[in-house]
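Dear colleague,

Please find the structure below.

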Amino acid sequence: DAPFTAEGVDFAIFVDYCGLWQHERTPEQAASFGRGLGSMDLLYAHQEVGVWRMTRLLDGYDVPEYKLRGWPFFETAASHYIKHPHLCLDLGTEDAVEALADFEGRLRPPEELESRGDYEYAFEPGRLGKLMDRTRLPPLVPSEFAERVAPLNLTNGKDKDVLIKLQAKVATTVLGGV
């Protein structure tokens with residue numbers, strides 16, 4: 001039972017859209033939103049941060065599909081630079097639906113989870129193999145990213161410049177260190 005501190009936490013979960021203040025914000029919320037927005041590159045491009053993408057629209061939602069939206073395009077492109085496939089999962093595929101079919105949404109003790117594991121080690125992910133993103137993009141240089149994001153949908157038109165700057169930061173940092 002580790003304390004809930006930076007030293008005692010093994011992992012964290014960030015749920016993108018609902019993890020940042022949206023729409024009308026107080027000054028404090030706007031500052032928090034700005035800090036979060038400025039760190040998107042780290043969240044998506046870091047080679048040890050897992051990214052789970054829900055690429056399939058849920059019934060009843062009338063929004064453009066995943067591949068036609070700007071932010072998901074950035075998230076996908078940034079995630080594909082140096083991340084091992086087992087950390088870049090696509091939960092919207094039919095294979096993912098099948099692999100997750102027995103998910104019951106209840107807490108389980110670590111021993112039970114350990115006994116249910118069906119992989120040898122991280123690079124042989126067993127059931128996770130069906131969830132892995134097998135359609136990885138080649139690394140995009142900033143000019144190509146800007147061209148490909150131009151026709152995509154964004155909730156806020158001002159976001160396009162933000163996306164282009166964030167992706168340029170990712171490309172410079174990641175490709176500069178390879």
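How many aromatic pairs does the structure hold? There are 4 aromatic pairs, where rings of Phe, Tyr and Trp (its six-membered ring) pair if their centres lie within 6.5 Å, and planes under 30 degrees apart count as stacked, over 60 as edge-to-face and the rest as tilted. One of them joins Trp 71 and Phe 74, edge-to-face at 5.8 Å centre to centre with 85° between the planes.

This is a predicted model, in which local features need pLDDT of at least 70 and side-chain atom pairs count only at pLDDT 80 or more, while totals for chains, interfaces and linings use all residues. Residues are numbered from 1 along each chain as its sequence is written, and side-chain values use heavy atoms, with hydrogens and water left out.

Trp 71 and Phe 74 are 3 residues apart in helix 4 (residues 70–79), so about one helical turn separates them; helices are DSSP runs of H or I with at least four residues, numbered from the N terminus. Trp 71 is buried at 17% relative accessibility, and Phe 74 is buried at 0%; buried means under 20% relative accessible area (1.4 Å probe, protein chains only).

Phe 74 also pairs with Phe 145: the centres are 6.4 Å apart and the planes at 80°, so this pair is edge-to-face. It links distant parts of the chain, since Phe 145 lies in helix 7 (residues 142–149), 71 residues from Phe 74. Phe 145 is buried, with 0% relative accessibility.

Ring pairs link Tyr 44, Trp 71, Phe 73, Phe 74 and Phe 145 into a cluster.

Methods
Helix = DSSP H or I, 4+ residues; strand = E, 2+ residues; numbered from the N terminus. Buried < 20%, exposed > 50% of the residue type's maximum accessible area, 1.4 Å probe, protein only.
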